[in-house]
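Reader: I am new to this structure. Can you show me how to read its features?

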Amino acid sequence: MAEISTPPTQHRLSRAGLAALLALGAIAVACVVLPLGAAGTPEAPALPIAVWVDVAMNWIVRDASLFGIAFSDLTRALATAAQWPIEVMQKVLAEGWVSGAGFNKRQVLPPASWLGVTLAASLLAWRLAGLRLGLFAAMSGIYLATFGLWTSAMMTLSSVLFCVLASLSLGLVLGIRAHRSPGIEPAVRAVMNIMQTVPTFSYLLPTLLLFGYGPSAALFATVAYAMPPMVHATVIALQSVPSDTLDLARMTGCSRRQTLWKVELPVAMPRLAIGLNQVVMMTLNMVIIASMIGAGGLGYDVLRALRRLDFGAAFEAGMAIVVLAVLLDRLTQALARQQSAGNGRGRAQRTWVVGLALILVPSVLSLFVPALALWPEAWTLSVAAPLNDAVSYINQQFYDPLEAIRTTVLLYVMNPIRDALQLLPWPLVIAATALGGWRLGGGRTAATVVVLGLFIVVTGYWSAAMGSLYLTLLSVILALAIGFPFGIWVAGRTRLQAGVQLFLDTLQTLPTLVYLLPAVMLFRNGDFSALIAILSYAVAPAVRYGIDGMLHVPSERIEAAAMSGCSRWQTFRHVRLPGALPTLLLGVNQTVMMALSMLVIAALVGTRELGQNVFTALSQGMAGPGIVAGLCVAALALIIDTILKAAAARATQSEGNSHV
Amino acid sequence: MSEANAFHSRHRAAETAISVSSVWKVFGEGAARFRSRPPAERTAEALSRDHLTGAVQDASFDIGRGEVFVIMGLSGSGKSTLLRCLTRLIEPTEGHITFGGQDILKLGEKALADLRRRRMGMVFQHFALLPNRTVLGNIAFPLEMQGIDRARAEARARELVALVGLSGRETRLPTQLSGGQQQRVGIARSLATNPEFWFLDEPFSALDPLIRTDLQDEVLRLQREQSRTAVFVTHDLDEAIRLADRIAIMENGRIIQIGTPEELVTRPATDYVRRFVAKVPPARVIRVASLMRRESIASAAMSVPAEATVSEVAAQIVASAGPIAVTDKAGRTLGSLDRQTALETLAAL
């Protein structure tokens with residue numbers, strides 16, 4: 001059948017393709033012949049969109065009013081209202097109650113004792129996930145306390161707790177709304193998709209303007225960033241409630257409220273818990289980033305240490321972020337698992353009582369024994385000095401090879417690629433990309449590419465976008481070149497899989513900032529460090545999808561190949577690889593998205609691209625450029641996403657299956 | 001089995017419990033204007049021309065009190081839609097449905113909820129157990145939703161646990177039960193409010209054949225202990241024959257024949273029904289009464305009950321040497337059974 005139907009289609013396509021190629025050629029000629037001003041790389045925006053955004057933001061901040069109350073007053077009031085619970089949480093966990101200021105400062109009540117919190121966390125971890133996580137929690141607590149990171153960690157934790165509670169409740173409410181009125185749902189999803197591709201920093205800008213500088217502004221940004229997945233998870237979870245179960249609710253005459261609370265939410269709980277896990281991890285990531293703009297906490301510690309080139313201290317604070325991330329991730333995952341296994345009750349009440357006692361007793365004792373309130377500074381451990389020595393030793397001993405690698409890659413690989421991309425006339429790039437999109441996904445895909453591409457051109461960020469593209473492409477290619485073969489290799493080795501999966505899980509829970517540390521330690525600032533950081537962040541999904549793709553090739557097909565006498569290589573080449581292709585393409589997509597989300601963080605080490613524009617705008621408090629540059633990153637992400645999804649859909653179509 | 005099939009003779013003449021007349025369920029754009037269609041425009045062709053799907057087309061039947069009424073058809077025939085129309089889980093496009101003389105399509109939201117709460121019970125194909133509740137909690141769920149206090153609800157739930165043979169597993173969670181046990185919980189829950197009307201939507205099609213037979217026996221036993229008006233949907237002809245007093249066969253949204261298992265096998269209305277029942281051995285459904293001659297014999301070697309199917313009394317027929325008397329429940333002789341005819345029925349495939 002396929003044999004018969006292929007020739008005419010191919011004929012038609014190649015004819016249309018020829019026409020498109022001719023058009024492309026014409027554009028290329030036009031670019032060369034016409035003066036560069038018309039077709040070259042516009043440095044100044046054709047449309048002052050950034051200015052418009054600025055004006056709009058200023059209007060909202062200064063002049064807009066709702067029922068006679070200035071909008072900014074409203075938002076500031078909201079910020080003040082949110083301030084209170086945050087402060088209470090920070091007092092309980094990190095600072096304690098203090099009266100007076102300056103020299104008269106006197107602690108009225110100490111914060112919750114580190115020993116108590118550690119014990120309670122260990123008990124919770126043990127109950128939820130078993131002895132191993134319990135021990136891990138205990139060691140984490142001891143690490144944080146003895147290395148003098150406790151207060152910072154608790155600042156971070158209290159921000160996380162507040163944001164998670166806010167995201168969770170808002171996300172649930174919105175998700176239930178969206179689920180109940182199916183008309184809203186696609187709109188919500190579209191907005192969420194864009195929100196998830198906009199770099200994290202872009203969230204900070206408008207919130208800073210609206211809510212004023214202060215910890216609560218950063219937290220509002222965090223909630224805005226972390227809530228979308230909860231809305232999405234809620235909608236998905238509620239949609240997953242079987243129709244039989246909903247019929248049961250109606251047959252037993254449940255009211256709307258009974259249906260929601262007694263039937264829908266309990267049945268949806270496992271998926272909701274997965275949403276919770278996502279929210280927690282995204283919140284932590286964002287809180288770390290937000291703490292860089294003055295909210296305090298572990299992220300600030302890392303950044304401060306990096307600025308002093310104190311890699312040892314940065315490493316210690318970075319490890320604190322790691323243990324916190326791993327602990328929060330495993331705890332929420334265990335919760336989700338327990339929910340889907342259906343048992344979550346029983347001794348829960350007693351655990352709560354014991355946990356509370358565990359916090360309270362050392363905290364009360366700490367009134368008399370100060371060492372229980374906060375680990376005494378004199379006893380604080382640190383590996384910063386030896387670590388710094390080690391780093392400088394490595395840098396001295398291996399300066400030549402390291403520098404040689406860096407310079408070679410920069411001079412002969414990275415810079416040429418960047419220059420080439422930036423020199424290419426934009427009409428040519430957009431037309432070629434659109435052509436590719438059209439071949440893969442048809443007119444709609446091509447139109448999406450053109451519109452988003454033109455947006456970047458019009459806003460004047462084309463050159464910067466090419467800078468982002470080159471960093472992204474290079475790191476993605478490297479990530480795939482490392483990740484896919486490794487994943488495919490692991491997929492054949494059952495015994496390795498569990499370990500690798502655990503490692504990947506851990507890698508993916510780490511906040512983006514952590515990835516910068518090793519790169520900067522070895523290669524200082526610059527594009528090369530950015531490349532290494534992005535690469536190490538984006539390699540995890542490549543490995544994961546490599547494994548998944550191989551594992552989801554139906555075993556019957558492999559048996560069929562074996563029965564046809566295929567050699568190992570033949571089986572791989574003709575059966576496994578084609579079968580895994582749709583999954584692998586989605587893996588490419590995921591890798592690109594991870595790389596793009598890392599861009600803005602990588603800007604911290606001084607890259608020259610969109611991420612840097614966002615970052616600079618943020619540090620200068622310029623909303624317009626920051627938001628528009630952020631939207632350009634999103635546009636870039638959406639272009640790549642559209643094309644790769646089309647490719648994956650195509651591969652799936654011809655392949656006839658994919659597990660996604 | 002004789003007990004089950006006995007309902008048919010007993011209940012056919014009994015009062016009507018559920019009456020369904022000219023019920024339609026039409027899906028698609030413009031389904032709302034279906035009511036104004038003239039009868040000539042209500043054929044399958046006319047519907048598909050206007051991109052409408054007639055999931056249930058002009059269904060009419062009465063179900064007697066205590067009868068087990070099976071709706072049978074292949075997937076996509078509209079059987080589940082019809083069942084859901086009866087409970088108004090799906091709103092019929094047109095028609096009348098009365099329960100004990102009360103038109104339920106005219107009921108308001110509240111009255112309908114009340115009817116479902118107190119007088120209906122339903123068993124679902126995929127069990128629809130609540131994963132966060134124990135066996136006891138699941139069974140007590142409908143009672144709790146009615147506002148019955150916990151202690152009383154649990155006491156009643158315990159009775160039902162015993163009734164469906166799950167004693168000792170009260171505190172298990174659904175995930176800790178096998179499929180068959182889960183559906184036992186589903187059955188117990190559907191009976192928690194002691195409903196008059198019992199709806200079973202392909203309740204056993206997700207279960208293994210052996211477990212399925214066990215649960216069919218369970219349904220027969222429960223019906224023996226307290227007969228309810230039951231509407232049972234299945235795609236399994238064997239199941240239908242075992243359980244039904246009468247079977248309605250559906251094809252493409254239409255009911256093409258309603259009858260006792262015996263009637264379907266001996267007098268199929270269409271080719272479709274004939275092909276459907278072709279594999280059923282006639283002796284399994286034909287009753288002694290149908291083969292009986294109304295003449296008494298002087299010296300019968302043995303007697304068989306009139307209500308039994310031929311295969312149920314096969315052993316006696318084969319063993320007997322002489323004429324066989326046919327008796328009613330009270331033991332009175334109604335007529336005689338010709339051994340030759342009976343053997344031919346047994347041998348027929």
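This is a predicted model: local features need pLDDT of at least 70, side-chain atom pairs count only at pLDDT 80 or more; totals for chains, interfaces and linings use all residues.

Reader: Which residues of α19(A) and α20(A) make the contact?

Author: From α19(A) come A:Trp426, A:Ile430, A:Thr433, A:Ala434, A:Gly437, A:Trp438, A:Leu440 and A:Gly441. From α20(A) come A:Gly443, A:Arg444, A:Thr445, A:Ala446, A:Val449, A:Val450, A:Gly453 and A:Val457. By class, this contact has nine nonpolar, six polar and one charged residues.

Reader: At what angle do the axes of α19 and α20 of chain A cross?

Author: The axes of α19 (residues 426-441) and α20 (residues 443-459) of chain A cross at roughly 160° and come within 7 Å. Angles over 145 degrees count as roughly antiparallel, so α19(A) is roughly antiparallel to α20(A).

Reader: Now the wider view. Which domains does the assignment give for chain A?

Author: Domain 1 takes 111-146 + 345-376, domain 2 takes 161-343, and domain 3 takes 399-655. The C-alpha centres of domain 1 and domain 3 of chain A lie 41 Å apart.

Reader: And how do I read the contact between chains? How many residues does it take from chain B and from chain A?

Author: The size of an interface is often given as the accessible area lost when the parts come together. Here we can count residues. The contact takes 21 residues from chain B and 18 residues from chain A.

Reader: Which element gives the most to the side of chain B that touches chain A?

Author: That is α4(B), with four residues. On this side of chain B, α4 (109-119), β6 (120-123) and α5 (135-145) each supply at least two residues. The residues on this side divide into 13 nonpolar, five polar and three charged.

Definitions and conventions. Residues are numbered from 1 along each chain as its sequence is written. Chains are lettered from A and ligands numbered from 1 in the order in which they are written. Axes are lines fitted to C-alpha atoms, for helices over the stretch in contact, and angles run from 0 to 180 degrees between N-to-C directions. Angles under 35 degrees count as roughly parallel, over 145 as roughly antiparallel, 65 to 115 as roughly perpendicular and the rest as oblique. Two residues are in contact if their C-beta atoms, placed from the backbone, lie within 7 Å. Ala, Val, Leu, Ile, Met, Phe, Trp, Tyr, Cys and Pro count as nonpolar, Asp, Glu, Lys and Arg as charged, and the others, Gly among them, as polar. Domain bounds come from an automatic or database domain assignment.
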